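Reader: I would like to go through this model helix by helix. Can we keep it brisk?

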Amino acid sequence: MSNQKPNDPLFQSLNMGGLTLPNRVLMSPLTRSRSSQPGDIPNDMNAHYYQQRASAGLILSEATQISPQGKGYAFTPGIHSQEQINGWKKVTGAVHSVGGRIHMQLWHVGRISHPELQPDGNQPVAPSAIKPEGAKTFISADSGMVDVPEPRALETHEIAGIVEQYRQGALNAQKAGFDGVEVHAANGYLLDQFLKSGSNHRTDEYGGSMENRLRLPLMVIQAVIDVWGKDKVGVRISPTGSFNAMHDDNPIETFGAFAKHLNDLGIAYLEVVEDSFQGNHANGRPEEVIEAIRVVYKGTYIANGAYTAKEARTRISEGRCDLVTFGRPFIANPDLPERFRENAPLNEWDDSTFYGGGEHGYTDYPTLEELETIA
């Protein structure tokens, strides 16, 4: 650690919701599709993977379906059965045993699913029956990517049940030993589908006007706060993300208003996907949208999206964010904070091993210490 600068913005500690984060280098939620089957149950290999990365200021778990209806991809883990809770206990225990911190990301995919993945072969649900053009998923180890079909629009009377799925998921995450939760309202999944005008054409109180589009996401977040307390709850959004055929006619207005509500609720943090390798309507970071959020949201702001250590340091120093989540670099570099601290070279990731498989491309990326031993 000889190269550490005492004033390095990435290595200033931060208190967030009663957790002291030792650095500003956070691990993004990363779908890896390696849960045990049948049952979508986290396993010992998953526990080892997360434990390897426990030097992150905070780990955000991979997106985790809150119900069988919330599942959109094969082999992703759930948090709706006792077996899944027990599996996640292995993960949280492994992370805590080496001094790490971990939040669970609560996920309902909405329309980004397939009858093959749904209970009783049902159609996936969404705010409106709009097929996400070009969106794909995988339904088995050998299916390849398949088209997502047109979903079924949720009936008004079903909305309360959706909120209950999140409440129960939050409760189950507590039982599994997490330090908090992140509500996934980004990347074209259910809550994002309600937020954005392109996917929400409802005519009841959950669609149409901007305030109506915010209603379900805010009900969900309140339900999760009721379980955890506001200090243990974060939210992820992707205001200009185009992944899964998403768009909003006025992201400055929509997400400025949403951020104001989240500020009033007093949540622990807001994670914003500013840029994405999966697609972004903005060219680079949407600075006007970010500014609209920063003006009204006074809590901890976590930036995400193709960050380098240098850019993270710069934007933290300039007050444009408080923390940064790193995705692909953390896949390939279990000791990413140490590498940033030492300005050491990074392992390159192998994107052919991102989704599904075993230890290869998952737990076998070497740390700096291991590389030095080999050398």
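Predicted model: local features only at pLDDT ≥ 70, side-chain atom pairs only at ≥ 80, totals over all residues.

Reader: Are H5 and H6 roughly parallel or roughly antiparallel to each other?
Author: The axes of H5 and H6 come within 11 Å and cross at roughly 30 degrees. Angles under 35 degrees count as roughly parallel. H5 and H6 are therefore roughly parallel.

Reader: What does Val224 touch, beyond residues up to four places away in sequence?
Author: Outside its sequence neighbours, Val224 touches Leu106, Tyr166, Ala170, Val181, Val183, Gly229 and Val233.

Reader: Is Val227 buried or exposed?
Author: Val227 is found in H5. Not counting residues up to four places away, Val227 touches Arg167, Ala170, Leu171 and Gln174. Its relative accessibility is 16%, and buried means under 20%. Val227 therefore counts as buried.

Reader: How far apart in space are Val227 and Ala303?
Author: In sequence, Val227 and Ala303 are 76 residues apart. From C-alpha to C-alpha, the distance in space is 26 Å.

Reader: Which residue has a side chain joined to that of Gln165 by a polar contact?
Author: Gln165 lies in helix H3, residues 159-175. Gln165 is buried, at a relative accessible area of 17%. Beyond four places in sequence, Gln165 is in contact with Ile66, Ser67, Gln69 and His108. The polar contact, at 3.1 Å, is with Gln69.

Reader: How are H1 and H2 oriented, roughly parallel or roughly antiparallel?
Author: H1 and H2 pack with their axes 8 Å apart, at an angle of about 30 degrees. The crossing is right-handed. With the cut-off for roughly parallel at under 35 degrees, H1 and H2 are therefore roughly parallel.

Reader: Which residues of H2 do those of H1 meet?
Author: H1 supplies Asp44, Asn46, Ala47, Tyr50 and Gln51. Their partners in H2 are Trp88, Lys90, Val91, Ala94, Val95 and Ser97.

Reader: Where is the cis peptide bond that involves Pro38?
Author: Pro38 lies in the loop between strand E3 and helix H1. Omega is about -10 degrees for the bond. The cis peptide bond joins Gln37 and Pro38.

Reader: What is phi for Ser33?
Author: Ser33 lies in the loop between E3 and H1. At 2% relative accessibility, Ser33 counts as buried. Ser33 is not a glycine, yet its phi is positive, at about 55 degrees.

Reader: Is Ala306 buried or exposed?
Author: Ala306 sits in the loop between strand E13 and helix H8. Its phi is near 60 degrees, a positive value in a residue other than glycine. The relative accessible area of Ala306 is 51%, and exposed means over 50%. Ala306 is therefore exposed.

Reader: What do the buried residues of H7 pack against?
Author: The buried residues of H7, residues 287-296, are Val289, Ile290, Ala292, Ile293 and Arg294. They pack against strand E11, H6, strand E12, E13 and H8.

Reader: What is Arg315 in contact with, leaving aside its neighbours within four places in sequence?
Author: Arg315 lies in helix H8. At 5% relative accessibility, Arg315 counts as buried. Its contacts are Glu274, Arg285, Glu287, Ile290, Tyr307, Arg320 and Cys321.

Notes
Residues numbered from 1 in each chain as written. Heavy atoms only, no water. Helix = DSSP H or I, 4+ residues; strand = E, 2+ residues; numbered from the N terminus. Buried < 20%, exposed > 50% of the residue type's maximum accessible area, 1.4 Å probe, protein only. Polar contact = N/O pair within 3.5 Å; in protein donor to acceptor, adjacent residues only side chain to side chain. Contact = heavy atoms within 4.5 Å. Axes fitted to C-alpha atoms, helices over the stretch in contact; angles between N-to-C directions. Parallel < 35°, antiparallel > 145°, perpendicular 65-115°, else oblique. Left-handed = near helix turned anticlockwise from the far one by under 90°.
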